[in-house]
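Here is a short briefing on one protein model. Please look at the sequence and the structure first.

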Amino acid sequence: MKWSGRQVGYVVLLAAFAGWVGYSYWRGPQVGRDMARTFAQTLGVMLKLLPCAFVLIALFDVWVKRETVERQFGRGSGLRGYFWSILLAGMTVGGLYVAFPVACSLFRKGASLSVVLAYVSLAGVCRIPMTLFEISFMGVTFTAVRLAVSIPLVILTSHVLGRILERRGYVVTE
């Protein structure tokens with residue numbers, strides 16, 4: 001098996017991280033131990049979340065017909081596609097770990113590039129759990145203003161960017 005330069009880079013990066021963590025436990029820099037603890041916690045969350053999310057994405061891939069996605073999220077969907085992307089992004093649990101595979105699945109089934117870009121962006125802006133958390137700390141007024149400003153700007157920029165990329169013949173690769 002021949003390794004690509006990218007694979008070698010990943011191995012070197014992982015070895016450097018492991019070396020730093022080992023050195024931190026041996027010599028005592030607290031920052032290295034904190035990094036290891038954060039890495040372990042994040043890895044644990046991902047290992048709990050991602051298998052369930054990938055099963056749901058696979059079921060979406062199998063159960064939802066291409067014609068339905070094209071009608072609701074496709075080029076001719078207009079504002080309806082953006083409305084559905086807001087709702088879907090709001091219900092996305094797991095952040096961008098889950099949003100990118102869902103976006104890929106939507107795109108493969110015929111969603112327009114603009115709507116897919118809006119979905120990915122909105123998944124970072126208007127998830128319901130994040131919004132509730134924000135309300136509890138910042139208040140309803142702040143959250144309402146943030147959403148009222150963010151959502152139209154995301155839709156506008158994703159529409160413009162999608163059109164520019166389509167005009168230039170951009171192709172999404174998996």
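Which residues is Tyr-119 in contact with, leaving aside its neighbours within four places in sequence? They are Ser-85, Leu-88, Ala-89, Thr-92, Ala-99, Val-102, Ala-103 and Leu-106; contact means heavy atoms within 4.5 Å. This is a predicted model, where local features need pLDDT of at least 70, side-chain atom pairs count only at pLDDT 80 or more, and totals for chains, interfaces and linings use all residues. Residues are numbered from 1 along each chain as its sequence is written, and side-chain values use heavy atoms, leaving out hydrogens and water.

**Nonpolar core**
- The largest nonpolar core has 25 residues; such a core is a set of buried (under 20% relative accessible area, 1.4 Å probe, protein chains only) Ala, Val, Leu, Ile, Met, Phe, Trp, Tyr and Cys residues joined through side-chain atoms within 4.5 Å.
- Leu-106, Tyr-119 and Leu-122 touch the most other members.
- H6 gives the most to this core, eight residues; helices are DSSP runs (H or I, at least four residues), numbered from the N terminus.

**Ser-105**
- Ser-105 lies in helix H5.
- Ser-105 counts as buried because its relative accessibility is 0%.
- Not counting residues up to four places away in sequence, Ser-105 touches Ile-57, Phe-60 and Asp-61.

**Met-91**
- Met-91 is found in helix H4.
- Met-91 is exposed (over 50%), with a relative accessible area of 56%.

Terms used:
Helices (H or I, at least four residues) and strands (E, at least two) are DSSP runs, numbered from the N terminus.
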